[in-house]
Amino acid sequence: MAYEQVRVKTPLILRLLPILSIVLFFGVWQLVMDWGMVPSEMLASPIQVFQLFLVKWTEVNPDGALLSQHIWTSIQEVFTGYLLALLVGIPLGLAMGWFVVVEGLSRPIFEMIRPIPPVAWIPLTIFWFGIGISGKVFIIWIAGIVPCVINSYVGVRMTNPTLIQMARTYGATDWQIFKQLCIPSALPMVFGALQIALAYCWTNLVAAELLAADTGLGFLITMGRKLALPDMVLLGMIMLGLTGAVIGVVIDYFEKKLLAGIRR
Amino acid sequence: MILKNRWFLYGVSMLAFFLVWDRLAVTRDFLPRPYEVVLQLWRMIFDPLAGKSLLGHVWASTQRILIGFTIASLVAVPLGLMMALNRYVNAIVKPLFDLLKPMPPLAWISIAILWFGIGETSKVFIIVIGTFVPCLLNAYNGVRLVEPELYDVIRILGGNRRHEIIQVCFPAAFPAIFAGLQISLSIAWTCVLAAELVSARSGLGFIIIRGMNLSRPAMVVGGMVVIALVAWGTTLLVSGLEKLVCPWKREIEGL
């Protein structure tokens, strides 16, 4: 190694402050509940939430399913919608970026549908698909497809024009340029879309489960509200955040592996 | 060649879209024909629904978004800037923020209703929560990703820390901040609609849920059309503001 690793020492206080801040947050939360400053029908203490978390692995009541079942249903719904969004959105976006005909035909429709938040599709979805899994997948699909299309489109558009001209000079066909130049150069943007689309899908999962469901983390939250059990609401929220974060880390790992050779 | 003409293709695409929609609507239930949607919207402008005309509902939703969005951006953007500029603030706030960040904003709806009831406060609260994250993240990253060379330049020119912050940091972070505001805005629409779907007596979300409960697809699709128009309008407004406030931003061609 030509360079020596430079170690910048962080002062002790800067390393302690984050821990302190977290501890203080939970401490104050617990104390506020213990002292009864906030009525217990509005908020549950962290210890109560943790107890419920332990109990929910084996206890079906009062919402009718185990925690693992809720998580599994949510993951199934999100992944089906997410994968379908990737399968449709990325090729469409790539093609829109390069082929004028595809862009001209799909752009206006895409632009019309894009500003509608996926949540607004819920009533129509319930008319069309009923309240089964297909309706939820549809909403998640709508949520995920927008960033996929936009990122792939922009990725192709940002291909270095000099390279395209060079390929033309050497007599490459449109299809060859698309396949060998545009797609590889768009890959980093496409992979960026994976994370964004996942976050959108995960957010809209809650919306999809809000109105009609019988299992799922969003349903757990809604049930908690209807039964006025704040610990259940909080447990649902925390599990949603946790599961989302774990999936995000997994996708990030694969992204790094797959993109190992490509300069960002 | 006519096939390469973009505007011709756009026209064909729109025409095909509406024709297919119309054909489908004739054979299927629960899909209104396009002209029915227009008729329904026209009717709603004059006949009040639940005490408000269409414009009243549009304003109800927009008002909620404006209040929530303003509160969130006034708190989150300065906080994000402070976090990026001062490592003590960063050490205190970042862990809490990382803890709350992965929770989808819509998950807060239930707790908001437990806390604030089903009135306006809970809706504004959800919008604040939803828009807070991207505002803060973008302000934070905007400052952190400023090119270090720019700092060197201002230091060579004899600037102190204050000059660094005011002359370099803020202008360089503006485009990122505005990008955050744009993202926030679309999230705000999602939040307000979800909140209105759960419980409301006014707003665009109320229109579509009422249409669903009355089994009137024309009302649902009409509501969606209005949402699309208004959301698109607010997006244009923010990008217009951006051009006004920071004309130095570099644009990506196309979208």
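These legends walk you through several close-ups of a predicted model.

A quick note before you look: residues count from 1 along each chain as its sequence is written, while chains are lettered from A and ligands numbered from 1 in the order in which they are written. Because the model is predicted, local features need pLDDT of at least 70 and side-chain atom pairs count only at pLDDT 80 or more, while totals for chains, interfaces and linings use all residues.

**View 1. Chain B is built from helices.**
Chain B has 10 helices and 0 strands. Helices here are DSSP runs of H or I with at least four residues, strands are runs of E with at least two, and both are numbered from the N terminus. Its C-alpha atoms fill a box of roughly 70 × 60 × 30 Å along the principal axes. Of its 255 residues, 40% are buried. Buried means that 20 or more other C-beta atoms lie within 10 Å of a residue's own, exposed means 12 or fewer, and partly exposed is in between, with C-beta atoms placed from the backbone.

**View 2. Here is where chain B meets chain A.**
At this meeting place, 50 residues of chain B are in contact with 49 residues of chain A. Two residues are in contact if their C-beta atoms, placed from the backbone, lie within 7 Å. On chain B's side, the helices that each supply at least two residues include H1 (6–27), H4 (87–100) and H8 (161–198). H10(B) gives the most, with 8 residues. Sorted by class, chain B's side has 39 nonpolar, 6 polar and 5 charged residues. Nonpolar covers Ala, Val, Leu, Ile, Met, Phe, Trp, Tyr, Cys and Pro; charged covers Asp, Glu, Lys and Arg; the others, Gly among them, are polar.

A nonpolar core is a set of buried Ala, Val, Leu, Ile, Met, Phe, Trp, Tyr and Cys residues joined through C-beta atoms within 7 Å. The largest one holds 130 residues, and Ile140(A), Cys201(A), Ala139(B) and Ala194(B) touch the most other members. Helix H8 (residues 174–211) of chain A gives the most to this core, with 17 residues. H2 and H10 of chain B cross each other.
What angle do the axes of H2(B) and H10(B) make? The axes of H2(B) (residues 34–46) and H10(B) cross at roughly 80 degrees and come within 9 Å. Axes are lines fitted to C-alpha atoms, for helices over the stretch in contact, and angles run from 0 to 180 degrees between N-to-C directions. The two helices are therefore roughly perpendicular to each other. Angles of 65 to 115 degrees count as roughly perpendicular, under 35 as roughly parallel, over 145 as roughly antiparallel, and the rest as oblique. Residues of H2(B), including Val37(B), Leu41(B) and Met44(B), meet residues of H10(B), including Val221(B), Gly222(B) and Val225(B). By class, this contact has 8 nonpolar, 2 polar and 1 charged residues.

**View 3. H3 and H6 of chain B pack together.**
H3(B) (residues 54–85) and H6(B) (residues 120–144) pack at an angle of about 30 degrees, with their axes 6 Å apart. That's why H3(B) and H6(B) count as roughly parallel to each other. H3(B) passes H6(B) in a right-handed crossing; right-handed means the near helix is turned clockwise from the far one by less than a right angle, and left-handed means anticlockwise. Their contact has 22 nonpolar, 4 polar and 4 charged residues.

**View 4. Take a look at Leu49 of chain B in its loop.**
Leu49(B) is in the loop between H2 and H3 of chain B. Is Leu49(B) buried or partly exposed? Leu49(B) is partly exposed because it has 17 other C-beta atoms within 10 Å. Leu49(B) and Ile207(B) are 158 residues apart in sequence, yet their C-alpha atoms are 8.1 Å apart in space. Not counting residues up to four places away in sequence, Leu49(B) touches Met44(B), Ile207(B) and Arg210(B).

**View 5. Two loop residues, one in each chain, have a positive phi.**
Most residues other than glycine have a negative phi. Ala228(A) has a positive phi near 55 degrees, and Ala228(A) lies in the loop between H9 (217–226) and H10 (230–258) of chain A. With 11 C-beta neighbours inside 10 Å, Ala228(A) counts as exposed. Over in chain B, Ser215(B) has a positive phi of about 55 degrees and lies in the loop between H9 and H10. Ser215(B) is exposed too, with 11 other C-beta atoms within 10 Å.
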